[in-house]
Amino acid sequence: MAMTIVDLARAVTGGVDTHLELNVAAAIDHIGGLLGVAEFPTTSSGHKELLAWLKTFGPLAKVGIEGTSSYGAGLARSLRRAGIEVAEVDRPNRQSRRRSGKSDPADAVEAARAALSGRAQGAGKAKDGNVEAIRALVVAKRSARDTKIKTMNQIRHLGFTAPDELRERLAGVSRKDLAATAAALRPRDGGDQVAFATKTALCLLGRRVLALDAEKEHLEDLLSKLVEKTAPELLSLYGVGVDTAAALLVTAGDNPERLRSEAAWAHLCGAAPIEASSGKVTRWRLDRGGDRQANAALYVIVITRMSADKRTRAYVERRLAEGKTKPDIIRILKRYVAREVYHHLPRA
């Protein structure tokens with residue numbers, strides 16, 4: 001898609017503070033002077049009106065948007081389709097906000113000035129391809145997994161506190177068969193109300209778990225096919241499965257070309273080494289920033305390789321002999337894996 005070419009001497013830069021129902025937009029000139037502020041609805045027609053309003057001030061260079069992965073996703077897609085460069089803007093500095101206060105127009109102006117000055121250089125995720133579809137499936141799968149864990153804990157607790165006969169019936173059941181056993185209970189009213197209510201609750205919770213298992217199996221099938229279609233090279237790496245590949249793809253987005261280097265990718269994954277030296281001590285520590293889902297995926301890959309990959313195991317033994325600790329080795333390996341993954345991300 002061709003981007004609009006503008007005269008920088010007359011260029012206008014936009015900034016948008018996004019919300020659920022309204023977007024607040026600001027326009028500034030090439031030296032940061034405020035040209036105007038306006039509100040627009042978060043609808044398709046509202047996005048078109050916002051773009052048309054920005055263009056009334058002159059040729060549009062770029063638009064800085066706060067929240068391109070949440071409330072601003074639809075607007076960012078609309079602007080890209082129109083050939084406008086979109087810059088992802090971080091939340092305003094909290095110290096600055098405490099000093100000067102907060103308002104939506106002020107945030108929109110700050111977004112525009114961040115895009116103009118270059119402080120907001122990152123391009124937001126495109127959210128218009130296979131990776132966005134993968135993200136939606138991942139959200140549903142994680143929800144099914146988390147709900148199943150919570151429901152199984154509730155079944156187990158009800159079993160512990162159930163009347164004696166029911167508790168003894170469930171006592172020897174394995175966790176694998178617990179949901180099916182609970183779902184097979186047949187509560188009959190007319191007797192002990194506690195036993196009836198407990199059986200009813202266990203039966204319903206058991207059926208819920210079985211339904212979640214069916215949902216999860218269906219989602220896994222869809223996710224596996226979509227990930228294999230989108231990133232076969234990524235799946236070919238040792239230790240990379242469907243779930244880890246999906247997490248890494250979601251972090252990269254549909255337009256991984258927005259990541260300027262493998263170092264930028266490592267920072268995004270929270271795998272870049274951070275210096276923590278002081279005085280006579282020179283050391284590096286784990287990066288606690290970045291996308292935590294991608295960081296967890298890198299960790300899973302590293303642990304898998306440390307347990308089964310001969311080259312990785314030999315490397316670990318060598319570094320241990322040199323005096324490195326296991327957390328340090330894991331940090332280094334996560335950085336290596338991030339570099340390897342970067343070169344196997346799908347490119348448009």
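The legends below describe close-up views of a predicted model.

**View 1. The hairpin of strands E2 and E3.** Strand E2 (22-28) and strand E3 (34-41) run antiparallel and are joined by seven bridges. Leu 22 stands opposite Pro 41 in E3, and five residues lie between the two strands of this hairpin, where Gly 32 takes a positive phi near 90°.

**View 2. His 30 in the loop between E2 and E3.** His 30 belongs to the loop that lies between strand E2 (22-28) and strand E3 (34-41). With a relative accessible area of 43%, His 30 is partly exposed, because this value falls between the 20% under which a residue counts as buried and the 50% over which a residue counts as exposed. Although His 30 and Ala 11 are 19 residues apart in sequence, their C-alpha atoms are 5.7 Å apart in space.

**View 3. Cysteines Cys 203 and Cys 269.** Cys 203 has a relative accessible area of 4% and Cys 269 has one of 0%, so each counts as buried, the cut-off being under 20%.

View 4. Tyr 299, Val 300 and Ile 303 together make a nonpolar surface patch of about 240 Å². Ile 303 lies in helix H12, which covers residues 292-308, and at 32% relative accessibility Ile 303 counts as partly exposed.

Methods:
Residues are numbered from 1 along each chain as its sequence is written. This is a predicted model: local features need pLDDT of at least 70, side-chain atom pairs count only at pLDDT 80 or more; totals for chains, interfaces and linings use all residues. Side-chain values use heavy atoms; hydrogens and water are left out. Buried means under 20% relative accessible area, exposed over 50%, partly exposed in between (1.4 Å probe, protein chains only). Helices (H or I, at least four residues) and strands (E, at least two) are DSSP runs, numbered from the N terminus. Two strands pair if DSSP finds at least two bridges between them. Patches are made of residues with over 30% relative accessible area and no salt bridge: like charges are joined within 9 Å, nonpolar side chains (Val, Leu, Ile, Met, Phe, Trp, Tyr) within 5 Å. Accessible areas come from the Shrake-Rupley method with a 1.4 Å probe; for residues, only the protein chains shown count as cover. A salt bridge is a side-chain nitrogen of Lys or Arg within 4 Å of a carboxyl oxygen of Asp or Glu.
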